[in-house]
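Try each task before you read its solution.

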Amino acid sequence: QVQLVESGGGLVQPGGSLRLSCAASGFIFSSYAMSWYRQVPGKERELVARIDNIGSTTNYVDSVKDRFSISRDNAKNTVYLQMNSLKPEDTAVYYCTRRSGRNLYNGVDYWGKGTPVTVSS
């Protein structure tokens with residue numbers, strides 16, 4: 001079955017960096033777009049970044065543009081989220097998701113369990 005397992009979250013100081021990874025299994029990874037969401041308790045989940053199936057097209061929520069970068073390694077069945085210049089408002093649980101097709105605008109059909117990121121001094 002489809003599995004998405006996130007790792008790399010943790011505590012980081014403002015201005016610091018983290019790289020999240022999502023190991024995918026149970027499907028042909030290179031056939032699906034992927035994305036990252038985040039959620040703060042009491043708020044709706046927010047789309048952070050998405051990438052098409054071959055990594056040629058990406059897009060980001062405005063609040064993370066120029067700070068975060070989504071990428072993928074289809075040989076390793078892994079999608080990444082490089083987060084730089086982190087701010088306290090980036091604190092959230094980050095979720096890896098599979099889109100339902102190759103295009104990054106397809107809907108989400110699977111979610112990982114999430115990895116927490118805390119940005120605090």
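**Exercise 1.** Find where D66 sits, and decide whether D66 is buried or exposed.

*Solution.* Start with the location: D66 belongs to the loop between β6 (58–60) and β7, where strands are DSSP runs of E, at least two residues long, numbered from the N terminus. Next, look at the backbone: D66 is not a glycine, yet its phi is positive, about 70 degrees. Most residues other than glycine have a negative phi. Finally, D66 counts as exposed because its relative accessibility is 83% (buried is under 20% relative accessible area, exposed over 50%, partly exposed in between, with a 1.4 Å probe and protein chains only).

This is a predicted model, in which local features need pLDDT of at least 70 and side-chain atom pairs count only at pLDDT 80 or more, while totals for chains, interfaces and linings use all residues. Residues are numbered from 1 along each chain as its sequence is written, and side-chain values use heavy atoms, leaving out hydrogens and water.

**Exercise 2.** Which loop holds N77?

*Solution.* N77 is in the loop between β7 and β8. N77 also has a positive phi, about 55 degrees, without being a glycine. With 28% relative accessibility, N77 counts as partly exposed.

**Exercise 3.** Work out the strand order of the open sheet of 4 strands.

*Solution.* The order is β1-β3-β8-β7, and the pairing is antiparallel (two strands pair if DSSP finds at least two bridges between them). β1 (3–7) and β7 (68–73) are the edge strands, each pairing on one side only.
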